[in-house]
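Please look at the sequence and the model first, then read the points by topic.

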Amino acid sequence: MSAFKTYKTTCSYCGVGCGIIAKKDRRGVITVEGDPDHPVNRGMLCSKGMNLHHVVQDKEDRILYPEMRWSKEHARERVSWDQALDRAAKVFNTIIKKHGPDSVGFYVSGQCLTEEYYLVNKLTKGFIGTNNLDTNSRLCMSSAVVGYKQAFGEDSVPISYDDIELADCFMIAGANPAWCHPILYRRIEARKEKNPSTKIIVVDPRKTQSCDIADLHLQILPGTDVALYNAIAKRLIDRKKIDKSFIHGHTDNFNALKESVCSFSLTEYAKICGITVAEIKKAASYISNAKGFITLWAMGLNQSSIGVNKNNALINLSLLTGHIGKPGSGPFSLTGQPNAMGGREVGGMANLLAAHKDLANDHHRREVANFWGGKEISSKPGLTATEMFDALENGKLKAVWIICTNPLVSLPNANKVEKALKNAKFVVVQDISNRSETIEHADLVLPAAGWAEKEGTMTNSERRITYLDKVVDPPGEALPDVEILWRFARKMGYKGFDYNSAEEVYKEHCSLTKGTNIDISGLNYIRLKTEGSFQWPVPKNNHAGTERLFEDKKFYTDTGNAKFVVPKFIKPTSEICTEKYPLILTSGRIRDQWHTRTKTGKVNRLLTHIRDPYIEVNQVDAFLRKLNDGDIAIVESKRGKVRVRVKVCDTLNKGVVFMPIHWGKVFGNDYGRVNNLTTNIVDPMSKEPDFKFSAVQVSKY
Ligand code: SF4
């Protein structure tokens with residue numbers, strides 16, 4: 001008999017979705033390794049994935065029992081699950097009776113498993129009767145959702161990671177996959193090594209590690225992406241390097257796009273972007289010479305006050321060149337979180353409905369309400385992430401239930417979020433770790449099972465659904481999130497939550513997708529456990545999944561054609577830099593930390609990369625402020641300030657500074673929490689905040 005028991009699962013960090021084999025020995029000690037048979041990572045793992053077992057095994061920070069306080073003046077004390085959920089149900093029912101269903105909300109996470117996402121969506125929209133269910137995925141990829149819907153008529157990522165090995169030109173825009181999607185980056189790197197003529201264009205105001213393999217780094221001014229993609233589009237049109245037959249046969253609105261992008265000269269575009277005309281021409285020539293062209297993007301495009309415009313401007317390049325629905329080609333948004341895609345599938349956002357059905361469509365709402373057997377579903381979109389906390393601050397929202405996310409660190413304008421949480425009548429925090437700063441404001445804390453302590457499914461960036469096995473029991477009285485939710489729903493008196501397992505929840509979700517564009521009615525736990533992962537749609541029991549969408553050149557729009565969306569704004573509409581706040585702050589991830597560090601912050605090996613928060617300042621800006629490398633600086637914006645160590649660099653243009661997103665109030669209010677500074681201006685269509693453009697000043701401490 002083997003000394004180990006092995007379990008197949010998936011990494012719980014980024015949207016690459018690497019397969020993991022967890023091994024448990026006779027003493028219950030876990031080790032992890034990359035799954036050599038998983039099509040995504042083929043045995044590889046990055047530093048975060050390789051250290052996942054430490055997160056499970058180190059239990060010092062774990063929340064072990066429900067805790068509750070009777071009023072804001074009282075301290076929280078340990079209670080039983082029944083006491084905790086009775087109180088939660090009583091408070092929610094009382095508030096709903098007095099102020100209506102829109103006075104409560106749920107704020108969840110792209111790290112939730114699909115079953116959890118499905119259930120909280122059903123509970124909120126189908127039974128409580130409000131659409132106030134939003135997620136930290138709003139901060140991540142909601143601009144891409146709108147971009148896809150506008151261009152293709154559906155939120156649908158067209159391609160697969162396997163297309164990487166078939167492409168010969170990549171445009172990596174507003175993303176640093178070398179640090180944030182490492183295994184995906186390894187595959188691009190390997191493609192270039194094997195086929196050195198492969199061209200890689202990186203578009204980023206920062207010179208990141210992803211530029212190491214770039215043939216061309218377009219170091220544009222923050223926020224000017226639309227001008228760049230329009231400039232490239234103009235060059236392709238002027239040089240007749242477009243796919244006329246695809247455009248005329250399978251797209252709409254080409255003439256409007258042509259008129260719009262050709263209304264500026266390349267010189268004007270270059271000036272807006274802060275790059276040269278020669279660079280624009282070079283990028284266009286790389287694209288026009290490619291047989292397979294892939295665009296990859298992440299938060300640099302999405303987290304912007306013009307995020308949807310940026311998405312559409314970039315997608316237009318794939319449509320112009322006909323690089324979609326064929327091997328090695330297509331637009332490819334990278335999700336930051338492991339299950340942002342799964343959340344989209346179950347409609348886990350304030351403006352979405354389950355199974356990619358349309359919240360604005362009466363028939364769809366009736367269909368889902370009948371399926372669930374609860375209340376009529378409201379047609380009014382719920383509060384999005386930032387709106388939810390605004391509503392807590394102004395008292396319109398009375399109670400919030402926060403699952404698997406730490407908004408006090410991750411939301412923009414964190415001081416405002418703090419006021420909102422203080423003002424809330426009732427805050428529930430359902431989490432695994434007492435390192436979450438948000439817990440400070442919780443009236444009720446519920447201990448949840450973490451990665452490897454429960455079973456379920458997740459969908460990665462390429463629509464691939466993987467099953468995650470349970471490896472160990474959760475500590476103390478912690479429960480899987482699905483169970484917490486169905487127990488609460490029963491306490492609320494709702495019928496339709498008589499589940500006994502996550503598998504039953506998944507079965508229900510799969511059956512609701514039948515006949516939709518994301519049909520996974522041919523999928524179940526048995527297939528996922530025995531046959532491995534699948535890319536949706538999987539409409540039949542013997543269907544092998546769908547590697548690539550739009551191979552038939554039929555899109556989900558009313559006309560069946562893809563649409564060129566003409567971006568309205570080509571310049572950023574965020575804050576204006578002033579004499580008082582002359583620098584543009586942009587924020588992002590570092591290689592070895594994850595979100596608000598509740599997991600990765602406790603792994604010593606990961607701390608050896610970068611231990612403390614910092615600000616990168618261009619050498620000229622540093623000289624003008626008499627700042628040296630290692631000095632402590634005060635960084636201020638209209639909304640707040642922080643104190644951090646300076647890294648003087650030559651990787652940013654003058655006038656631009658960078659801070660990582662991961663640190664909260666570790667040593668006090670003003671230490672390292674970048675979101676003290678960031679603006680909560682959002683894209684008007686996607687409601688995604690602009691984390692990449694805040695006006696700040698930096699001075700010596
Ligand atoms: Fe996990 Fe992403 Fe690293 Fe893969 S690339 S091991 S999914 S963090």
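Six strands form a closed barrel in the order 21-25-22-24-23-26, and their pairing is mixed. Neighbouring strands of this sheet are turned against each other by 45° on average, direction ignored; the axes behind such angles are lines fitted to C-alpha atoms, for helices over the stretch in contact, and angles run from 0 to 180 degrees between N-to-C directions. The model is predicted: local features need pLDDT of at least 70, side-chain atom pairs count only at pLDDT 80 or more, and totals for chains, interfaces and linings use all residues. Residues are numbered from 1 along each chain as its sequence is written.

**Terms for helices and strands**

- Helices (H or I, at least four residues) and strands (E, at least two) are DSSP runs, numbered from the N terminus.
- Two strands pair if DSSP finds at least two bridges between them.
- Strands of a sheet pair through backbone hydrogen bonds, either parallel or antiparallel.

**Pairs within the barrel**

- Strand 22 is antiparallel to strand 25 (residues 656-660), with 2 bridges between them, and here E616 stands opposite F658.

- An open sheet is made of 3 strands in the order 17-18-19, with antiparallel pairing.
- Strand 17 (456-459) and strand 19 (534-535) are at the edges with a single partner strand each, so one side of each has no neighbour in the sheet.
- Strand 18 (residues 464-468) is joined to strand 19 by 2 bridges, and the two run antiparallel.
- R464 has Q535 in strand 19 as its bridge partner.

**Domains**

- The chain is assigned domain 1 (4-57), domain 2 (67-71 + 79-131 + 369-432 + 442-535), domain 3 (142-334) and domain 4 (583-700); such bounds come from an automatic or database domain assignment.
- The C-alpha centres of domain 1 and domain 3 are 33 Å apart.
- Between these two domains, 8 residues of domain 1 are in contact with 8 residues of domain 3, where contact means that C-beta atoms, placed from the backbone, lie within 7 Å.
- The side of domain 1 that touches domain 3 has 6 nonpolar, 2 polar and no charged residues.
- For these classes, Ala, Val, Leu, Ile, Met, Phe, Trp, Tyr, Cys and Pro count as nonpolar, Asp, Glu, Lys and Arg as charged, and the others, Gly among them, as polar.
- UniProt, in an unreviewed entry, places the feature "domain: 4Fe-4S Mo/W bis-MGD-type" at residues 4-60; UniProt positions are given in the numbering used here, feature names are shortened, and annotations may be inferred rather than shown by experiment.
- Residues 4-60 are 18% helix and 33% strand, and the end C-alpha atoms of the span lie 25 Å apart.

**Ligand surroundings**

- The ligand is surrounded by 14 residues, the closest being C11, C14, C18, C46 and G49; a residue is near a molecule or strand if its C-beta atom, placed from the backbone, lies within 6 Å of it.
- This shell has 9 nonpolar, 4 polar and 1 charged residues.
- Domain 1 and domain 3 each give at least three residues to the shell.
- Helix 1 (47-50) and helix 7 (182-194) each supply at least two residues of the shell.

**Backbone details**

- Most residues other than glycine have a negative phi, and most peptide bonds are trans.
- K240 is not a glycine, yet has a positive phi of about 55°.
- K240 sits in the loop between helix 8 (225-238) and helix 9 (244-250).
- The peptide bond from W536 to P537 is cis, with omega near 0°, and P537 lies in the loop between strand 19 and strand 20 (562-563).
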